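Subject: Structure for your review

Dear colleague,

Please find below the structure I am handing over to you.

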Amino acid sequence: MKQVELDKLDQRILAVLQKDGRISNQQLAERIGLSPAACWRRVRTLEDAGVITGYSAQLAPERVGQGLCVLVNLSLLRHSIDSTAEIEQQVSSYPEVLQCFAVTGNADFVLRVIVPDMKSYDRFLNEKIFTLQGIAQVNSNFALREIKNTQAIPLGAAE
């Protein structure tokens with residue numbers, strides 16, 4: 001995918017939106033120093049170019065009963081395009097999996113999984129992960145506490 005050229009105004013818009021995705025166009029325009037129409041056009045261009053991929057609310061997992069975060073390393077028995085694609089498709093369909101990365105090193109995939117408790121994680125492993133074809137090894141790392149959790153991408157002219 002081609003990188004989009006961002007000028008300083010685009011970078012400032014993105015920095016503000018990453019901190020407050022609910023800001024009104026009027027407020028955003030005032031913070032950036034643009035007219036509302038020009039600001040709206042820039043935001044729309046950034047959306048159309050795929051730079052802005054969506055807007056969402058950030059939830060506190062423990063407040064909604066999803067307090068156990070597990071980083072799961074999956075290693076494959078063999079590496080073929082078909083087996084890897086099947087695992088990627090299956091894992092992507094599991095709501096407990098918030099992120100999945102194909103990685104190098106000791107594992108082939110790293111998953112960030114969130115569940116209510118240890119019993120739920122045991123059920124997730126037995127009903128979903130252990131039923132995947134081609135998994136050689138599963139290694140679970142339990143998060144003790146969250147130090148940093150952000151989706152904000154660092155930008156050159158960030159506010």
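Which residues form one aromatic cluster? The cluster is made up of Tyr94, Tyr121, Phe124 and Phe142. Please bear in mind throughout that this is a predicted model.

**Aromatic pairs**

The edge-to-face label applies because the angle between the planes is over 60 degrees.

Phe142, with 35% relative accessibility, counts as partly exposed.

I turn next to the helices. Helix α1 (residues 8-19) packs against helix α2 (residues 25-32) at an angle of about 130°, and their axes are 10 Å apart. That angle makes α1 oblique to α2. The crossing of these two helices is right-handed. On the α1 side, the residues that meet α2 are Leu9, Arg12, Ile13, Val16 and Leu17; on the α2 side, they are Leu28, Arg31 and Ile32. Sorted by class, this contact of α1 with α2 has six nonpolar residues, two charged residues and no polar ones.

Helix α1 also packs against helix α3 (residues 36-48): the axes come within 11 Å and cross at roughly 80°. The two helices are therefore roughly perpendicular to each other. From α1, the contact involves Leu9, Asp10, Ile13, Leu14 and Leu17, while α3 contributes Arg42, Val43 and Leu46. By class, the contact of α1 with α3 comprises six nonpolar and two charged residues, with no polar residues.

How far apart are the axes of α2 and α3, and at what angle do these helices pack? The axes are 9 Å apart, and the angle is about 100°. Helices α2 and α3 are therefore roughly perpendicular to each other. Here Asn25, Gln26, Leu28 and Ala29 of α2 make the contact with Pro36, Cys39, Trp40 and Val43 of α3. By class, the contact of α2 with α3 has six nonpolar residues and two polar residues, but no charged ones.

**Two exposed positions**

Two further residues may be of use when you orient yourself in the model. Gln3 lies in the segment before α1. With a relative accessible area of 66%, Gln3 is exposed. Gln3 and Lys148 are separated by 145 residues in sequence and by 27 Å in space, C-alpha to C-alpha.

Gly105 is found in the loop between β2 (97-102) and β3 (109-115). Is Gly105 buried or exposed? Its relative accessible area is 68%, so Gly105 is exposed. From Gly105 to Pro61 there are 44 residues in sequence and 29 Å in space, again taken from C-alpha to C-alpha.

Yours sincerely,

A colleague

Notes: Residues are numbered from 1 along each chain as its sequence is written. This is a predicted model: local features need pLDDT of at least 70, side-chain atom pairs count only at pLDDT 80 or more; totals for chains, interfaces and linings use all residues. Side-chain values use heavy atoms; hydrogens and water are left out. Buried means under 20% relative accessible area, exposed over 50%, partly exposed in between (1.4 Å probe, protein chains only). Rings of Phe, Tyr and Trp (its six-membered ring) pair if their centres lie within 6.5 Å; planes under 30 degrees apart count as stacked, over 60 as edge-to-face and the rest as tilted. Axes are lines fitted to C-alpha atoms, for helices over the stretch in contact, and angles run from 0 to 180 degrees between N-to-C directions. Helices (H or I, at least four residues) and strands (E, at least two) are DSSP runs, numbered from the N terminus. Angles under 35 degrees count as roughly parallel, over 145 as roughly antiparallel, 65 to 115 as roughly perpendicular and the rest as oblique. A crossing is left-handed if the near helix is turned anticlockwise from the far one by less than a right angle, and right-handed if clockwise. Contact means heavy atoms within 4.5 Å. Ala, Val, Leu, Ile, Met, Phe, Trp, Tyr, Cys and Pro count as nonpolar, Asp, Glu, Lys and Arg as charged, and the others, Gly among them, as polar.
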